[in-house]
Amino acid sequence: MPTTPPPLPTTGNQLVALLRDAMQPPLEAAFADVVDGLRQPMLDRLERMELDRGPYLEGLLALKDRREAILRGFREDMASAWRIAADGEAAAVRFGEEPAGSVRGLGLVEEDELDVRLATEHLAEAISREWQSELLRLNGYLTWLDMGVRLTPDSAPYSPSRIAMAVYRGFTAASLPGNVRALAVQCCAREFVEVLGPIYENLHARLVRRLGPQDSTGPRMRRAQAIPSSGDEASSEPDWMTRFFVEWDHEDHEAAASADAATLPPALHQLLEESRHQRAREQGMARAAGARTSLSQRELIVALTLLQIASPEVHAEVLANPRQLQAAFKQQIFLQAAQLGVAPEAVAISEADENVVDLVGMLFEVIFRESHLGEEQVHVLGRLMAPMTKVALQDRKLFLQASHSARRLLNLLVEACDGNPGENDAQRLLLEKVKDTVQRLVADFDESQSVFRAARSDFNDFYVHYRAEAEKVEQALAAEQQARDAEADVLAGFAASLDARLQGTDVPAPMRDVLLAGWPAYAARMQALNKPQAAPMMLDGLLRAVDDAQVRQDVRAWHAALDWLQPMWMASGQARPAIAALREQLFSRLVAPHQAAEHAAPPTPAAPAASAPTTVLPGLLEAQEWMEGLQHLDPVMTEYFQHLREGSWLDFVDKDHRVQAGRLSWISPFSRRMMFVNRAGARICVASVQELAVMAQLGRVRMHRDEDAFYSAMQGVVDRLVAPAAS
């Protein structure tokens, strides 16, 4: 939330007008595009749901004829919302909140109308879920409104609930049948939601230019590359977006709409050119000065399209060495240009276009290096290089907007593959869906980026179900782990109680060992059975009987004392013969310790704790490493893990150097131990703060890349470009 008001006085009405002018026209245009293309998605949905088209045909045919009524209803409802906001009120955004006398109140409604309302609520939820971070940034500016305007995140005209209500009223104004309206709103949840992200981002950019950035939306600093430790110096370097794109976008905002606008800022172009010239000098590959055929951008895009649809063998050549992806990718573009009648050795690309090609090649190199992908997954995702290059050549928003459809699809596909070994049916189905999505995009993408939106929507529907199942597994693991920790906490409490009770008593060592081993568990079991006094009474009676036996030194007295242990042994679930053997062994040690010692086998010397074969965390931390690391804990690392939040990602590296990404899913309220799970919801490890700090010192745990694969890879590319320039 902002801590200071805007630098210039801005009334609430002025801010509302600013929001309306920035949002209303593109929102109406986006909704018109969705309505124009709605008939086929509705037919596809009917087919997927295996519903009879008959009851829907009349309404489907009426969609085109009633287009203007739908758009007018949407436009008038949104305009009314902005007018009401400027007057200092909040428009109704939920069913049942309509003004008194409205026919759309909370009374009984028909089944079809109920379906429409449910679809409207689901649309609002989908918008909120997809664009949560963008909405949070916009909502932060509401605190700068003056007291005359009362807007909340739920009632603002740009809110998901408000937009979904306008969609509802648009279709209602057209007097379409209820079943058709419900189906239309359901399809909007796929088609309309995708186009709202860029509108929200543009709206936020307008607010930043007018009012200045909030504390939470100022220049982003580079994310730390390693877990902090003692001796680290704090870095305040800006990230790639702030360094190159923010000021360039602000300065060149008007030019961005022109067809000839550059897709990369000049400073980044310069770095890419210097990097290319440096590589050419190092490899002795300076091109001859002979005549070359320079490809126009249109011809370059044709060559990229030929590469996009090329055979798997061609792509296998490009991806043969992921560390030299950039050079192999560009070489294949030159080879594909031969189909345009240009010899590969005579092909030239303009420096601006070649910089974009190089940047995308380097981007995928970094993605493959930072992610944990199998060879087949690299070959599948590598097919996206040509389509992404075509988008980068023509649309600067790919780098400016985190909501760009191509960028979001790439992030989603990388996330689905990252650390997914395909070990179970769900993981294998997800990888197959990734493969199908990439193949569909490669086959269909030509010029319109709507292919990316459709592919992302379809894949996201599948991925949401996958994540929901993974979350169920994760929740079950958390509940199981919490039960274990609660049990351990109870046992620790009873053990402490027993230790305090035994202080100052003259209990023989064999009896003390038996009590320490079994009484805390017995006490916990009795407490669970709602018999909290059973264990303390048994302990008191046993100690009195032991005192009596030690005074009398009588066999019968020791047997009487051992009788007190019988309930504890029986509650442990052991068989009667085993209990009898335990009793006999303890009796011999108590009554005739010297004779028992003479006939006992010589004791085996205990192995040093450092060489114990047991592990603290299997595959991640050995007992010896734990003991040594515990003596030299890094306080900065320890503090870092103490403040680690749920949802944070770390990379875990086992003894065989296998890397697996894990998310902090749960922190024990008892022991503060942390449970990390992979994307499938399976448990990776449960560790304490100290264990994590020791693992970090050993390099067994490290920072995970930003979950936005595109953003993180761009930072890696910029680091790679800047390092030679700095030296």
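These are my notebook entries on what I looked up in the structure above.

**Ground rules**

I am working with a predicted model, in which local features need a pLDDT of at least 70 and side-chain atom pairs count only at pLDDT 80 or more, while totals for chains, interfaces and linings use all residues. I number residues from 1 along each chain as its sequence is written, and my side-chain values use heavy atoms, with hydrogens and water left out.

**The whole chain**

I began with the overall make-up, and I found 30 helices and nine strands in the protein chain. Helices (H or I, at least four residues) and strands (E, at least two) are DSSP runs, numbered from the N terminus. Of the 727 residues, 47% count as buried, where buried means under 20% relative accessible area, exposed means over 50%, and partly exposed lies in between (1.4 Å probe, protein chains only). I noted an accessible surface of about 36,000 Å², of which 53% belongs to carbon and sulfur atoms; such areas come from the Shrake-Rupley method with a 1.4 Å probe, and for residues only the protein chains shown count as cover. Contact means heavy atoms within 4.5 Å, and among contacts between residues at least 6 apart in sequence, 73% join residues at least 24 apart.

**Aromatic rings**

Next I looked up ring pairs, taking rings of Phe, Tyr and Trp (its six-membered ring) as paired if their centres lie within 6.5 Å, with planes under 30 degrees apart called stacked, over 60 edge-to-face and the rest tilted. By this rule I have 16 aromatic pairs. Because Phe 31 belongs to helix H1 (residues 12–36) and Phe 171 to helix H7 (residues 160–173), the pair ties together parts that are 140 residues apart in sequence. Both Phe 31 and Phe 171 are buried.

For Tyr 463 and Tyr 466 I found centres 5.9 Å apart and planes at 15 degrees, so this pair is stacked. These two tyrosines are in helix H20 (residues 450–502), three residues apart, which is about one turn of the helix, and both are buried.

The charged end of Arg 396 sits over the ring of Trp 248, 4.0 Å from its centre; a charge counts as over a ring if NZ of Lys or CZ of Arg is within 6 Å of the ring centre and within 35 degrees of the ring normal. Elsewhere, Arg 679 lies over the face of Trp 649, at 4.5 Å from the ring centre.

**Helix H28**

Which residues of helix H28 (residues 635–642) are buried? I listed Met 637, Thr 638 and Phe 641. They cover an arc of only 100 degrees around the axis, which puts them on the same side of H28, the arc being that of the directions from the helix axis to the C-beta atoms. Their cover includes strand E5 (649–653), strand E7 (674–677), helix H29 (689–698) and strand E9 (701–703).

**The loop between E6 and E7**

Ser 668 lies in the loop between strand E6 (659–667) and E7, and it is buried, with a relative accessible area of 0%. A polar atom of its side chain lies 3.1 Å from the backbone nitrogen of Ser 671. Leaving aside neighbours within four places in sequence, I found Ser 668 in contact with Asp 485 and Arg 673.

Arg 672 is found in the loop between E6 and E7, has a positive phi of about 65 degrees although it is not a glycine, and is partly exposed at 48% relative accessible area.

How values were computed: Polar contact = N/O pair within 3.5 Å; in protein donor to acceptor, adjacent residues only side chain to side chain.
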